[in-house]
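Please open the model in your viewer and keep the selection panel at hand.

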Amino acid sequence: MRLSIGDVALRPVTDADLPAIDAMFPDDDEQDPRWEHFAGLSAQRNRHRLLVQRTWHHRGSWSPSSWCLDLAVEVSGELVGLQALEADDFAKLRTVDSGSWLAVHARGRGTAMAMRTAILGLAFDHLGAVAAISCARVDNAPSLAVSRRLGYVENGVSLSDSPGGVVELQHLRLTRESWAAHPVKVTGLDACRAWFAVSD
Ligand SMILES: CC(C)(COP(=O)(O)OP(=O)(O)OC[C@H]1O[C@@H](n2cnc3c(N)ncnc32)[C@H](O)[C@@H]1OP(=O)(O)O)[C@@H](O)C(=O)NCCC(=O)NCCS
């Protein structure tokens, strides 16, 4: 499967991508504090181990009732980051969540907006989603700006633990009614429909 919008293309991450993805993984992508750290590894080694091991976990544990699609993001053919789309009980709840990061050198060029638009196009226009949710620390201005620009509205605040202490997370939600269609090209989805438990 492949998604594209302008010169930005997204496709599933493969093992061959992992060394490059690992090398460009930015320090400011927050990982879930509940993920276990191995005592014999530094914080940095644990971050990188988790990055790689999570992509294997997502592929190895995929089921239509709980999935996380990790997509490599390319700009004009150059790998620059990761965009994830995930859902639990999608056949009933029709709600997707997302997460993403970009290599530091690839920021500030509108790519974040394009990659989120691409996965929302897949979710709303091809998988039949009724809502998309997102959350970010209240001080994560770029992530929140992308969400707001795409029509997400605020949906509450929660507290979360983080390596730097307790932080506030801003939750957002976008409904199908508020989603404005964008020119996202999706190819290769038909062979994957059973994996998402969706029909044509
Ligand atoms: C989140 C991330 C993918 C955004 O990519 P980016 O290239 O930095 O984003 P952009 O520079 O395109 O900015 C996106 C929007 O935020 C706005 N923005 C950026 N910095 C801002 C700031 N300090 N204050 C207000 N708005 C800001 C931009 O103007 C832009 O909005 P616009 O398109 O309406 O002009 C990137 O910063 C990243 O990888 N961060 C680390 C991982 C992360 O936080 N992921 C999200 C977890 S929820």
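What follows is a short walk through selections, beginning with the whole chain.

This is a predicted model, in which local features need pLDDT of at least 70 and side-chain atom pairs count only at pLDDT 80 or more, while totals for chains, interfaces and linings use all residues. Residues are numbered from 1 along each chain as its sequence is written.

Along its principal axes, the C-alpha trace spans about 50 × 40 × 35 Å.

Next, select the 21 residues around the ligand, of which Arg107, Ala112, Ala136, Ala141 and Ala145 come nearest; a residue counts as near if its C-beta atom, placed from the backbone, lies within 6 Å. Strand E5 (95-102), helix H4 (111-126) and helix H5 (141-149) each give two or more residues to this shell, and H5 gives the most, with 6 residues.

Now select H5, where Ser143, Val146 and Ser147 are buried, that is, with 20 or more other C-beta atoms within 10 Å of their own C-beta, placed from the backbone, whereas 12 or fewer makes a residue exposed and values in between partly exposed. These three cover an arc of only 95 degrees around the axis, which puts them on the same side of H5, the arc being that of the directions from the helix axis to the C-beta atoms. On the other side of H5, Ala141 and Arg149 are exposed.

Methods:
Helices (H or I, at least four residues) and strands (E, at least two) are DSSP runs, numbered from the N terminus.
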